[in-house]
Amino acid sequence: MSSGGYTLNTMDELNELQTKLTWYENRIKELVGEATNVKDFVENTAMPLHWVDAEGIIIWANQAELSLLGYAKEEYIGFHIRNFHEDEHTINDILTKLTNDEVLQNYPARLKCKDGLIKQVLITSNVFRENGKFVHTRCSTVDITDIIYATNLAGIKRAEEQSARLSAIIESTDDAIISKTLNGIITSWNHSAERTFGYKADEMIGQSILKLIPDDRLEEEPKILSRLRNGERVEHFETKRMRKDGSQLDVSLTISPVKDVRGNIIGLSKIARDITEKKQEENRKNDFVAMVSHELKTPLTSITAYLQMVLRKLSKENNSFEIGALTRAELQTRKMAAMIHDFLSLAKIEDGKIQMNKEDFELHPLIEEIAGDAQFLSTLHTVKLLDCEDIVLHGDRNKIGQVLTNLLSNAIKYSPNGGTIVMGCQKANGSVKIYVSDQGVGISPAHQKRLFERFYRVNNEQIKAISGFGIGLYLITEILRYHQSEIHVESEEGKGSTFYFNMPIKSNQDN
Ligand code: ADP
């Protein structure tokens with residue numbers, strides 16, 4: 001018997017064939033069932049899935065994908081995937097990577113929903129190829145919008161808690177804490193600022209910080225601001241500020257720049273500590289120093305006068321030993337007189353009682369006087385005057401004289417081996433740079449920064465034996481501050497130093 005291609009020889013063979021047919025039938029049913037299940041799974045799983053062809057066109061998307069973004073099938077399938085990404089650069093990068101057969105794992109992207117909202121997602125994708133040809137991508141999308149939102153909320157909450165803690169500290173501290181813009185407009189004002197200055201927060205927020213600065217210190221603010229703009233902090237700057245009732249108080253200011261996350265300076269924070277009591281204590285000490293110095297000055301003046309009288313008499317008689325001894329004694333009294341003079345000036349400055357008697361005066365005769373007096377101090381040094389003729393300045397002649405005297409006596413003191421000292425002037429653009437330079441021990445950069453502090457002295461072997469109190473340069477700084485000028489130093493250890501300051505020229509014969 002023949003049937004199709006098979007020749008059945010026995011009943012056994014027929015049965016065997018029957019069994020095989022049944023098995024195939026069942027297997028086909030199973031496979032169709034499996035395929036239906038897989039199809040159902042990919043269509044209806046909660047995981048958003050889609051395919052994109054080699055041109056970037058969406059060719060298939062499941063229900064979860066459509067509901068993630070809120071589109072109907074016909075609004076999504078057939079469109080370029082770029083339409084649904086917020087950032088073109090991201091989707092271009094995704095497509096390039098897939099074309100180059102890279103597998104994307106949790107690639108962050110921002111998708112545009114139909115309602116205009118943005119969903120933050122992580123995309124995982126690879127490419128299905130047939131005979132090496134790009135057929136479509138296999139993309140799955142995880143929505144992390146809620147997680148990010150929750151994380152941000154937690155961040156905001158933490159920041160709020162932190163800021164509440166900081167506010168509590170700021171409100172309970174004894175120091176006045178003020179924040180202001182770079183233009184000096186006050187943006188916050190704590191309780192202690194109210195107590196210290198007498199103004200309520202609503203009277204000061206939005207106002208200029210200049211309201212607190214006494215007229216004679218207005219020039220401080222631009223200087224402080226320029227230091228802060230360079231990113232520097234201003235620490236323990238002692239000055240005076242004004243209360244609402246017009247009275248003044250002594251404050252120590254620490255001011256720091258406030259920066260945003262990118263490091264740009266967006267404002268300033270200022271801590272003002274009331275140091276009136278400390279200052280009163282210092283004033284009592286100053287009064288004492290002033291009194292002692294004053295009392296010492298009177299007998300010293302008469303000792304100097306007697307010495308000079310005796311010296312004149314002896315020089316007529318040509319009595320060389322006594323002349324030598326008394327000349328040295330006179331030099332020492334001059335030094336002592338200069339120190340006492342500095343102490344008296346210090347006490348006056350600290351008390352704010354220093355008086356400036358400003359007038360127009362010629363610089364050259366003053367420099368000549370000072371250089372002439374210095375002849376008594378040293379025979380080792382040569383003092384040269386350079387280019388200071390025909391310059392008229394406006395200022396307190398005696399005080400500027402004190403500045404130059406201190407600079408010259410330092411140049412002599414700190415050049416123990418002698419050398420040439422130049423007191424000179426350089427004119428430029430209506431002002432003059434007045435300098436004193438020496439060939440002495442010099443000053444290291446670390447010390448240069450602190451030289452102008454009150455009582456600061458360099459402590460090293462070389463100058464241990466040279467006497468001094470560390471007030472000369474501080475006095476110079478203060479006197480020049482009253483003349484809107486500043487002292488500067490350029491120095492190299494072992495080579496020498498140049499101290500200089502600038503003053504406007506009132507007039508000179510060249511102009
Ligand atoms: P004093 O000389 O009484 O110590 P100053 O205030 O005049 O006080 O000077 C402070 C310090 O600066 C000095 O102790 C010294 O170390 C240093 N100094 C000042 N002038 C010079 C100079 N021309 N050369 C080297 N060091 C100097």
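**View 1. The largest cavity of the predicted model, with a volume of about 110 Å³.** The model is predicted, so that local features need pLDDT of at least 70 and side-chain atom pairs count only at pLDDT 80 or more, while totals for chains, interfaces and linings use all residues. Residues are numbered from 1 along each chain as its sequence is written, and side-chain values use heavy atoms, with hydrogens and water left out. A cavity is a set of points, on a 1 Å grid over the protein atoms alone, where a 1.4 Å probe fits but cannot get out, and a lining residue has an atom within 4 Å of a point; the volume is the space filled by probe spheres set on the points, which are joined across faces, edges and corners. The lining of the largest cavity holds 16 residues, and those nearest its centre are His 50, Ile 81, His 85, Ile 91 and Ile 123. Two or more residues each come from strand 3 (49-52), helix 4 (88-99) and strand 7 (133-143), with helix 4 giving the most, 4 residues. Helices (H or I, at least four residues) and strands (E, at least two) are DSSP runs, numbered from the N terminus.

**View 2. The second largest cavity, with a volume of about 40 Å³.** Its lining is made up of Ile 178, Phe 197, Ile 209, Leu 212, Arg 241, Val 251, Leu 253, Lys 270 and Ala 272, and strand 11 (248-259) and strand 12 (265-274) are the elements that give two or more residues to this lining. A search of the whole structure finds 2 cavities of 30 Å³ or more.

**View 3. The residues around the ligand.**

View 4. For Gly 470, a polar backbone atom is 3.2 Å from a ligand oxygen atom.

Terms used:
1 Å grid on protein atoms, 1.4 Å probe; cavity = no way out; pocket = protein on both sides within 12 Å on 5 of 7 lines; lining within 4 Å. Near = heavy atom within 4 Å. Polar contact = N/O pair within 3.5 Å; in protein donor to acceptor, adjacent residues only side chain to side chain.
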